[in-house]
Amino acid sequence: MPLSGTFLADLERIVGAEGLVRSAEGRLVYECDMHTFYKGAPDAVALPTRAEEVVAIVNLCRRERVPIVPRGSGTGLIGGAMAPLGGVMIGTNRMDRILEIDLTNRCATVQPGLINLSLTRAVATQGYFFAPDPSSQMVSSIGGNVATNAGGPHCLKYGITTNHVLGVELVTGTGELVRLGGKAERPGYDLVGVAVGSEGTFGIVTAATVRLLHVAEAVKTILASFTAIEDASEAVSAIIATGIVPAALEMLDAVMIRAINEGTGAGYPKDAAAVLLIELDGPAAEVEAQGERAARICWARGALEVRVARDDAERALLWKGRKEAAGAVGRLAPTYLLQDAVVPRSKLPAIMRELIAIGARHRVQIANVFHAGDGNLHPLILYDDRVPEELERAKAANEELLLACIAMGGTVTGEHGIGLDKAKNLPFQYADADLNFMYRLRRAFDPDGIMNPGKLLPSHPACGEGFRPARPRVPEGAWI
Amino acid sequence: MPAAARSIGEALVTIAGREGVQDDDRARTAAAVDGQLPRWVVRPASIDQLGRIVALAHDDGLAVVPRGGGSALELGHPPARVDVLVDLSGLDQVLEYNPDDLTITVQAGITAGTLATLLAPRRQFLALDPPGAAARTLGGITATNASGPLRARYGTMRDLLLGVRFVQADGVVTWGGSKVVKSVSGYDVPKLMVGALGTLGVLGELTLRLHPLPDAERSWLVLLASAEAAQAFIERVIASPLQPNRIEFFNDRALRSVPVEAAAAGVALSIGSVAEAVREQGERLGVMAKADGARIVPLPEGFWSRAARASTEGNGAVLHVVSLPSRLAETERAIGDAIRTAAPRGEVWISGCAGLGTFRVRVGNASAAETAVATTRLRARLMDLVGSVVIARGPAELRKAVDPWGPVETGPFALMRALKDEFDAKRVLNPGRFVGGL
Ligand SMILES: Cc1cc2nc3c(=O)[nH]c(=O)nc-3n(C[C@H](O)[C@H](O)[C@H](O)COP(=O)(O)OP(=O)(O)OC[C@H]3O[C@@H](n4cnc5c(N)ncnc54)[C@H](O)[C@@H]3O)c2cc1C
């Protein structure tokens, strides 16, 4: 439904002409996030500079029941920052200031549009950093990280975004500007905890107070290659079992190794079926001792070779292949479906076997680069989009794989989030009562359902008005 | 007893069995919460039974008060009503332990002590050490978001709870979260249950993240001339490459109750890592202390449990004060002033996670009325610090005289009330005890 002229005029009064995108070409830029499969341009894009403007926009949209879609940098991989129902998109790019850096209390307050890495850069010289490090950290916004509860390679040791958010300022679906949490914790329900990861369905984050950590004294990066993915997986479990919590523990499988080697060439051994990237950080003595132990474990599991970076340049080289992974598969196939399911770490060998079987069954190639330390898979299911039937096979393989992960006690998504893409998969993991609880939770923040509608929760009877989950039986009696 | 009530009692027996339901005066008196006697004390043997008990209470407009170890029943407002006291100690099973994944799923009535014993042979642990943990149930620790010195390194239950099965106010058994260490599948429902005092759901089952026990661990106490000196020292430790797993501040009296040595203020630290690193970090700590002109003494094994015990001794009120690390000294002074002004003979033991600005304050020699005045005074003093003063323990008289939670801002509170209205409109679960009387 196109927006009326008066509505657009009101919107322009709030954000000014320079803060409003109305043209068809202009809006096209906002029709999808990095999951380009899902398209839907908003009817207008508002680019506010202050929280008060956000409040005014939400109130305007609420009055007219116009859907609102928040957007940070649009690097999401889930069909999140796009507008399947049209409406107004609120882009946070112009709200990108650091409001306060408080090193004594090790935290910072920032506007949502600030790029993740900019915060670390601002405090790096004083020896601090912002721990959540999605691979997109050079471009993704902190508001987007908070909204998706983003993870990253180093969250194995440091935790995901939610472990680093102390407070958020949120404009809820009712147009209320609320400050949840803050530098010091306060009694009451953990509203910050549920707002993080709510993908814009509770409201728009207009500021966040996040923790800053002190940079570790020493870092050690080790690269170990194996001839069998089972051996690499066992090395992962053995490292963790000895009490080492690496900062990162990443794995590449044979298909991925080949793709990378054929490209710029990280120089992985040709006959390696798995490459493990282990990064340790902390006090120097600890890193030294644990590094030796981790290397010994890899040798004991039959590693082909174990390389230890001696300086930053070598460290960068070991990471190079890992960082180029997504680009490298472009050499194998034009496109891919990216998965983000998680299995318990001990199930890695089993799921890798299953994954190869699924690939064979559906005649698709699957490349893997993943956060092995926490069992977070990132299979890339390769297909050629010029062959219509290939997509269908890729989709079938994708779903089977998800179900396999869940059957092993896993979860649908470890860090990317749900969006439009995975909403349909949530019922794999949750019973009706669980979904209904989430639906009602959302309603407390956004009773009119105008915030990012269609995202996160599936269209499912349990996520609708009037649904009542089955209640336990109560003995019959005369007292009622 | 009126006829209707008798049949509710019978219904409860149908659900939980004769041995699971008590309504005699002795049992009811023993289970009193703030002097209010429940009409029934019910001990479910399964989550299914728990769900049916809550469903029954819901349909009959009865109030349910869950009880774990019974150690934090003085937290919050005195309950508005107590009809069915649900004793969760029967739900004490380990459902699934995956040592290779460092995760465990347990029923909420298991105690932290039992869990620790079970995990020790695998050299793993649940990194939470609130005072009295051994006897407390994990459900209780979750509902009250209790923590201890280890939070300096490992965080609180908020960072360790992966999944939760709970019973909603209408009896529907619900699951939130996941059983793996990383998941963003849907809303983070476990966060909502942490610290909610069971007012949005009765906790039945918890999936927890575990940690490996460090190879070696040693502790030291740094003795300082003042809270200011302690604050400065802590700031330097935090800005250094050292990675302590505990950094606790102690005021003079708290130090004397431990007891190790006397000083105006002390900072106790522990370092857990591989043996080489513990030794090396210990040496560096020594150098840092000396540079500050402070004395440092190694702490004996058992220090931390002694400190935990000391922080709950006696029967005076316990306050949880939250401020900021940068205001440590100022907060310490404010606490002392507030209590001494209100209660001339009052005594204060202060300890706390100094690096995070959270303090545990035990008050002695002060009446309930005096403690109430001190609490209000302290809140006024700390107001600009955006922190809070919560009465974690104290007689009902005190918690009636002054709001045990303190004020909650209107915006967030409106959302909290909306959640309570959504999930427990009939006010079945722990009515009245939570913030703002929710
Ligand atoms: C190359 C590449 C690598 C990646 N690596 C990782 C990774 O390692 N780990 C990981 O977790 N993700 C990764 N991602 C996914 C993505 O970068 C993250 O999800 C990131 O957090 C999204 O930030 P954004 O600013 O781009 O948000 P967007 O894509 O703009 O939005 C994401 C979601 O958040 C909502 N949103 C955005 N801003 C706000 C706000 N201020 N208030 C409320 N809601 C808001 C949107 O509506 C949308 O639903 C990667 C993506 C790419 C392209």
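**Close-up 1. The contact between chain B and chain A.** In this predicted model, the contact draws 90 residues from chain B and 88 residues from chain A. Between them, chain B and chain A bury about 7,300 Å², of which 59% lies on carbon and sulfur atoms. On the chain B side, the residues that lose the most area to chain A are B:Lys182, B:Val184 and B:Tyr187, which together account for 14% of what that side buries.

**Close-up 2. Salt bridges and polar contacts across the interface of chain B and chain A.** The rule finds 10 salt bridges across this interface, and one of them joins the side chains of B:Glu422 and A:Arg443, with an N to O distance of 2.5 Å. Between chain B and chain A, 34 residue pairs are counted in polar contact, both residues being at pLDDT 80 or more. Helix H16 of chain B (residues 410-423) gives the most to the side of chain B that touches chain A, contributing 9 residues, and the residues of that side divide into 44 nonpolar, 25 polar and 21 charged.

**Close-up 3. An open sheet in chain B.** In chain B, 4 strands form an open sheet of mixed pairing, and their order is E1-E2-E4-E3. Strand E1 (21-22) and strand E3 (64-67) of chain B stand at the edges, and because each has a single partner strand, one side of each is left without a neighbour in the sheet.

**Close-up 4. The pairing of strands E2 and E4 in chain B.** Strand E2 (residues 40-42) and strand E4 (residues 84-87) of chain B pair in the parallel sense over 3 bridges, and B:Val41 stands opposite B:Leu85 in E4 of chain B.

Note on methods:
Residues numbered from 1 in each chain as written. Chains lettered and ligands numbered in written order. Predicted model: local features only at pLDDT ≥ 70, side-chain atom pairs only at ≥ 80, totals over all residues. Heavy atoms only, no water. Contact = heavy atoms within 4.5 Å. Buried area = accessible area lost by both parts, 1.4 Å probe. Salt bridge = Lys/Arg side-chain N within 4 Å of Asp/Glu carboxyl O. Polar contact = N/O pair within 3.5 Å; in protein donor to acceptor, adjacent residues only side chain to side chain. Helix = DSSP H or I, 4+ residues; strand = E, 2+ residues; numbered from the N terminus. Nonpolar A, V, L, I, M, F, W, Y, C, P; charged D, E, K, R; others polar. Pairing = 2+ DSSP bridges.
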